[in-house]
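Below is a report on one structure, arranged by topic. The sequence and the structure come first, and the description follows.

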Amino acid sequence: MCLYIETSKHKVLFDLGSNGLFLENAKKLGVDIAQIDTVIISHGHADHGGALKLFLENNNTAKVYVRRNAFDSHKIKVLGLLFNVVLDSSLKNHSQVVLTDSRTVIDDELMLFSDIDTHMFPTKANKKLYAQIDGKMKKDDFRHEQNLIITEGDKKLLFAGCAHAGIVNIKDKAEKIINEKLYSVVAGFHLYNPSSGKRESDALINGIADRLNDGETMYYTCHCTGIKVYKIMKKILGDKIEYISTGSVFSL
């Protein structure tokens, strides 16, 4: 997962992926990594921030915003065994890294939040994820996940990584913060596991799509949503949802 976002004031990377592919893709798209001024790492999993060291080797000026606890230990259970999905903790105190709390206002364009206070539509996939909490490995509560609200003119845009806290809960919180409807949402919905090929139930997927179908917000989804899930949601959301993938370029 790695999104390049241009606003009137910023050149942003939202997540970095797990390896050097973001550098190859940036070159193909004509994006100069050295000119990025802001990086947002959505949560403490390697597929979203594992390439942080590579980024810092190619950019010595950008601020990298990461939740304070994102560098803690994070694991996934596969066949009864726990495997690391961590960020490089040696980078936590790097001079370019800014450790964020539950709400961080960067400027009048960019704001981060993670204080999700509703828990509707929980997914089965989250049950396989663990985090170091109070010194012990426990079921992940995703306090290390943060989301980005961009204000561009009179438009408010939401960007989320995997939406582990639930895209409905995250969207509701964002709209509570800004006290208006979002213009668009760009996010993975964490409803499909590419390694197992399994997706969440139709009932859950349809329930989320029904809840998102408020007639105003446009959705661009990708990553851990999956094509099959997208097609199910498309039947409810119609032209209010589109699927994006590597190399997609669009304006909001």
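A163 is buried, its relative accessible area being 3%; buried means under 20% relative accessible area, exposed means over 50%, and partly exposed is in between (1.4 Å probe, protein chains only). The model is a predicted one, in which local features need pLDDT of at least 70, side-chain atom pairs count only at pLDDT 80 or more, and totals for chains, interfaces and linings use all residues. Residues are numbered from 1 along each chain as its sequence is written, and side-chain values use heavy atoms, with hydrogens and water left out.

A163 sits in the loop between β13 (155-160) and α4. Helices (H or I, at least four residues) and strands (E, at least two) are DSSP runs, numbered from the N terminus. Although A163 is not a glycine, its phi is positive, at about 50°. N179 is another residue other than glycine with a positive phi, near 60°. N179 belongs to the loop between α4 and β14 (184-188). With a relative accessible area of 68%, N179 is exposed.

## Packing of α4 and α5

Two packed helices are described by the angle between their axes and the distance between the axes. For helix α4 (residues 167-178) and helix α5 (residues 202-212), the angle is about 15° and the axes are 10 Å apart. Axes here are lines fitted to C-alpha atoms, for helices over the stretch in contact, and angles run from 0 to 180 degrees between N-to-C directions. α4 and α5 are therefore roughly parallel to each other; angles under 35 degrees count as roughly parallel, over 145 as roughly antiparallel, 65 to 115 as roughly perpendicular and the rest as oblique. The crossing of α4 and α5 is left-handed, a term used if the near helix is turned anticlockwise from the far one by less than a right angle, with clockwise giving right-handed.

On the α4 side the contact is made by I167, V168, K171 and D172, and on the α5 side by I208, R211 and L212. Contact means heavy atoms within 4.5 Å. Sorted by class, the contact of α4 with α5 holds 4 nonpolar, no polar and 3 charged residues. In this sorting Ala, Val, Leu, Ile, Met, Phe, Trp, Tyr, Cys and Pro count as nonpolar, Asp, Glu, Lys and Arg as charged, and the others, Gly among them, as polar.

The buried residues of α5 are L204, I205, G207, I208, A209 and L212. Their cover includes α4, β16 (198-199), β17 (218-222) and α6 (227-237).

## Salt bridges

Side chains of opposite charge can pair when their charged atoms come close. A salt bridge is a side-chain nitrogen of Lys or Arg within 4 Å of a carboxyl oxygen of Asp or Glu, and by this rule the count comes to 16 salt bridges. One of the pairs is K171 with E175, at 3.0 Å from N to O. K171 and E175 are 4 residues apart in helix α4, so about one helical turn separates them. Both K171 and E175 are buried. K171 also takes part in the contact with α5.

D141 pairs with R143, their closest N and O atoms being 2.6 Å apart. D141 is partly exposed at 38% relative accessibility, and R143 is partly exposed at 42%. In another salt bridge, E242 meets K234 at 3.3 Å, N to O. E242 counts as partly exposed at 32% relative accessibility, as does K234 with a relative accessible area of 27%. A network of salt bridges links R103, D115, D117, K173 and K176.

C224 lies in the loop between β17 and α6. C224 is buried, with a relative accessible area of 7%. Leaving aside neighbours within four places in sequence, C224 is in contact with C162, G188, F189, H190, L191 and Y192. C224 and M1 are 223 residues apart in sequence, and their C-alpha atoms are 9.2 Å apart in space.

F55 is part of helix α3 (residues 52-58) and counts as buried at 0% relative accessibility. Not counting residues up to four places away in sequence, F55 touches L13, L16, F22, I33, I36, V39, A62 and V64. Of these, I36 is 19 residues from F55 along the chain, with 9.9 Å between the C-alpha atoms.
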